[in-house]
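User: I'd like to learn how to read the features of a model like this one. Could we start with the pocket?

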Amino acid sequence: MKKTIFLALCLLPCWLQAQTEVIEQFYEKYRQDERFSRVYISPKLMQMAGGFLSSNMEQEDKDAENLMELITRIKGIRILSAEKIGGLSLFDEAMRDLKTNLYEELMDVRDKDSSLKFMVREEGGRIKELLMVSGSTSEFTLMSMLGDFTYQDLNMLSENTNLPGMEEYTRAKKQK
C-alpha cells in the first residue's frame with residue numbers, strides 16, 4: 001500500500017504536466033487553421049508588464065502594487081478562438097481530451113445553444129491554472145492561464161485588468 005501511494009505521488013507531476021500538454025496539443029492542432037485566432041502571452045511579457053506598471057505607479061498606491069506583483073506571477077496565457085464555426089463540437093472535443101478529474105470545476109453553464117466551463121488546477125492549495133472552455137453554435141474559445149494564484153487573486157485580476165478571459169470570468173462569477 002505504501003508503495004502504491006509513493007508511486008502515485010511520484011507520478012502526480014507527470015499527470016499534471018500531461019494535462020498542460022493536452023491543452024498545448026489542442027492549441028497546436030488548430031493554431032495554423034485560418035478560421036482560428038490565437039494569442040500567446042509569454043511569462044517574459046507578463047514580467048515586462050509588471051515592470052511597466054511598477055515604473056508608472058504613483059507612490060503609496062497599494063492596490064496598483066498588489067496588482068503589479070500579481071501580474072508578474074502569471075506564467076503564460078494561451079487563447080484559441082473562432083467565430084462562424086461549430087463551437088459546440090469543439091467544446092465537446094476539448095472536454096473529451098481533457099482529464100477533468102485533475103481540475104476542479106468552478107462553473108458550468110449550459111443551454112441548448114452554448115456551453116461554458118471554468119475550471120482550476122490546484123497544487124498545494126494554490127491555483128496553477130485557470131481554464132475556460134466556451135462553445136456555442138457559432139463560436140469557440142479556449143483560454144488557459146498558468147501561474148500561482150489564490151481565488152482572491154483571480155477576483156482582483158477580473159475586476160482590475162483587461163486580461164483575456166477575465167471579462168468572461170467576471171460575468172460567469174456574477175451569474176453564479
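Analyst: The largest pocket is lined by 20 residues; Leu-116, Ser-134, Glu-139, Glu-168 and Arg-171 lie nearest its centre. This is a predicted model: local features need pLDDT of at least 70, side-chain atom pairs count only at pLDDT 80 or more, and totals for chains, interfaces and linings use all residues. Residues are numbered from 1 along each chain as its sequence is written, and side-chain values use heavy atoms, without hydrogens or water.

User: What counts as a pocket, and what is the volume of the largest pocket?

Analyst: On a 1 Å grid over the protein atoms alone, a pocket is an open set of points where a 1.4 Å probe fits, with protein on both sides within 12 Å along at least five of seven lines; lining residues have an atom within 4 Å of a point. The largest pocket has a volume of about 400 Å³. S2, S4, S5, S6 and helix H6 (166-175) each supply at least two residues of its lining. Helices (H or I, at least four residues) and strands (E, at least two) are DSSP runs, numbered from the N terminus.

User: What is the order of the strands in the open sheet?

Analyst: Strands of a sheet pair through backbone hydrogen bonds, either parallel or antiparallel. Here two strands pair if DSSP finds at least two bridges between them. The six strands run in the order S1-S2-S6-S5-S4-S3, with antiparallel pairing. Strand S1 (36-41) and strand S3 (104-110) are the edges, each pairing on one side only.

User: How do S3 and S4 pair?

Analyst: S3 and strand S4 (residues 114-123) are antiparallel over six bridges. A hairpin of three residues joins S3 to S4. Val-109 has Leu-116 of S4 as its bridge partner, and Met-107 stands opposite Phe-118 in S4.

User: Which residues of helix H3 are buried, and where do they sit around the axis?

Analyst: An α-helix has 3.6 residues a turn, so residues three or four places apart point the same way. Buried means under 20% relative accessible area, exposed over 50% (1.4 Å probe, protein chains only). In H3 (residues 62-72), the buried residues are Leu-67, Met-68, Leu-70 and Ile-71. They cover an arc of only 165° around the axis, which puts them on the same side of H3. That arc is taken from the directions from the helix axis to the C-beta atoms.

User: Is Lys-84 buried or exposed?

Analyst: Lys-84 counts as exposed because its relative accessibility is 81%. Lys-84 is in the loop between strand S2 (74-83) and helix H4 (87-97). Its phi is near 55°, a positive value in a residue other than glycine.

Key:
Points joined across faces, edges and corners; volume = space filled by probe spheres on them.
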